[in-house]
Amino acid sequence: MALVGALDQGTTSTRFLVFDESGAVVSAAQRPHRQHFPQPGWVEHCAEEIRDNAWAVVAEALTGAGLGPGDLAAVGITNQRETAVLWERSTGHPVHHAVVWQDTRTAELVENLAADGGPDRFREATGLPLATYFTGPKVAWLLDHVDGLRARAEAGDLCAGTIDAWLTWNLTGGPDGGRHVTDVTNASRTLLMDIAQLAWDPVLLEALDVPAGLLPEIVPSIGRVGTGTGALGGVPVSGILGDQQAALFGQGCHAAGEAKNTYGTGCFLLLNTGQEMVPSRHGLLTTVACQKAGEAPTYALEGSVAMAGATVQWLRDEIGLIADSDDVEALARTVEDNGDVYLVPAFSGLFAPHWRADARGAVVGLTRYTNRGHLARAALESTAFQTAEVLEAMRADSGVELVELRVDGGMVVNDLLMQFQADILDVPVVRPLVEETTALGVAYAAGLAEGVWPELADIRANWREGGRWAPSMAADDRVRLTARWDQAVQRTLDWV
């Protein structure tokens, strides 16, 4: 039986998983990496730590199952998307910590860019609004604020890219012939690529003042881009997908009108729109969903929420309300409802559908009646409310009424959240049997490129339902709770 590896590099950890032809996990290893917060609103990762963790988990997962690189038919890479890395071409040393997608240091740069043409200045070409979320402004900020970087970039000494580009370069040889590439899904999150042409746009590069020579070659998501070295020696590297597009692919949402929501550090709802680029008028992103080598790309509408699982981590690490993230559901169940308390986790501003960098987090509705359980419940419900806002925008943009919402990510084991999500959406929520859909999605992409799965139908046939929640909330209650959430959101605006 053929085996395929998936390197899943996320916001808080790096994992390597091996899947068989049925989509079952054969082996897995995981390592967390440190989160660096040098200033309010700034979030950084050490790219070298991430690289070293990647090599470590590959070795651990393979040796733990008695496997070697020769047992893998292919490997794919999926990653946290908009995070920016700059490194020396000759040595592979990063020249600065990676600037993470949640980071807001580019707010002034983004505001200056929007002064001429507004926040939608580049939306026609990129499918994106101007926001601190995206990679291009982060690269520009580093070039302008780290001594000597701009001159070195213009001299051709540096490489830049998202985490997939950093890892692919390292896994395929690094300074000794590593491929400097990124796939179309990651490139579509930079504010630098024309999503119709699938190429870096000279107008955008000039506007953001990013030298073209810094950037990786843009390649299809499905297709061989190189050969692994070291612990992956000789293994075809044949799939690259941004994490949310990988989850869409892994959930079997390959046709227009199918959608999934991933509940991870953030929350990301994607609707496949097929080969049609649907422009958003309601605060969503138009993004590349996937491209197989030699074929036209498919697109998606996306609603990106910055804080989902990260809100629970905040309760654990900064507030000390819980000792472990898994404790939040039990604490939330100690109360019957939220006690009219709402937590809006606008710690890095609000992403879709608001796109308000001036917003900051707030807890509203506190009384002497409020206890720890109400705060835990409000934190969980905030994820469901934000998803509901995104889904309403998606309905308005696409006209699609979902029959069900497929879900994945670490938070989907939380039955209380999943039931509240179904209730507040008034749509059934369905969890797959194999919950590792992000890693599985890029494994499918790599395996599809190498013939492990000959057709998309073979991949869809692997999908199995693992849990379902049907809406049971009265319509009046849904309307009342949503209206109160809207009030709470308004109180977070104009803070910065």
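**Cysteines and helices up close**

Analyst: Let's start with cysteine 46, which counts as buried because its relative accessibility is 16%, and buried means under 20%. Keep in mind that this is a predicted model. The sulfur of cysteine 46 has its closest cysteine sulfur in cysteine 159, 17 Å away, and that is too far for a bond. Cysteine 253 isn't in a disulfide either: its nearest cysteine sulfur belongs to cysteine 290, 13 Å off. Cysteine 253 is also buried, with a relative accessible area of 4%.

Now for the helices. Helix α4 covers residues 135–145, and nine of its eleven residues are buried, so the rest of the structure largely encloses it. Among those buried residues are Gly136, Pro137, Lys138 and Trp141. And what do the buried residues of α4 pack against? Their partners include the strands β6 (85–88) and β8 (158–161), along with the helices α2 (107–114), α5 (149–154) and α8 (202–208).

Further along, helix α12 (residues 372–398) packs with helix α16 (residues 475–490) at about 95 degrees, and their axes are 11 Å apart. That's why the two helices, α12 and α16, are described as roughly perpendicular to each other. On the α12 side, the contact uses Ser382, Phe385, Gln386 and Glu389, while α16 brings Leu481, Thr482, Trp485, Asp486 and Val489. Sorted by class, this contact of α12 with α16 has four nonpolar, three polar and two charged residues. Here's a handy rule for reading such lists: an α-helix has 3.6 residues a turn, so residues three or four places apart point the same way.

How values were computed:
Residues numbered from 1 in each chain as written. Predicted model: local features only at pLDDT ≥ 70, side-chain atom pairs only at ≥ 80, totals over all residues. Heavy atoms only, no water. Disulfide = S-S within 2.5 Å. Buried < 20%, exposed > 50% of the residue type's maximum accessible area, 1.4 Å probe, protein only. Axes fitted to C-alpha atoms, helices over the stretch in contact; angles between N-to-C directions. Helix = DSSP H or I, 4+ residues; strand = E, 2+ residues; numbered from the N terminus. Parallel < 35°, antiparallel > 145°, perpendicular 65-115°, else oblique. Contact = heavy atoms within 4.5 Å. Nonpolar A, V, L, I, M, F, W, Y, C, P; charged D, E, K, R; others polar.
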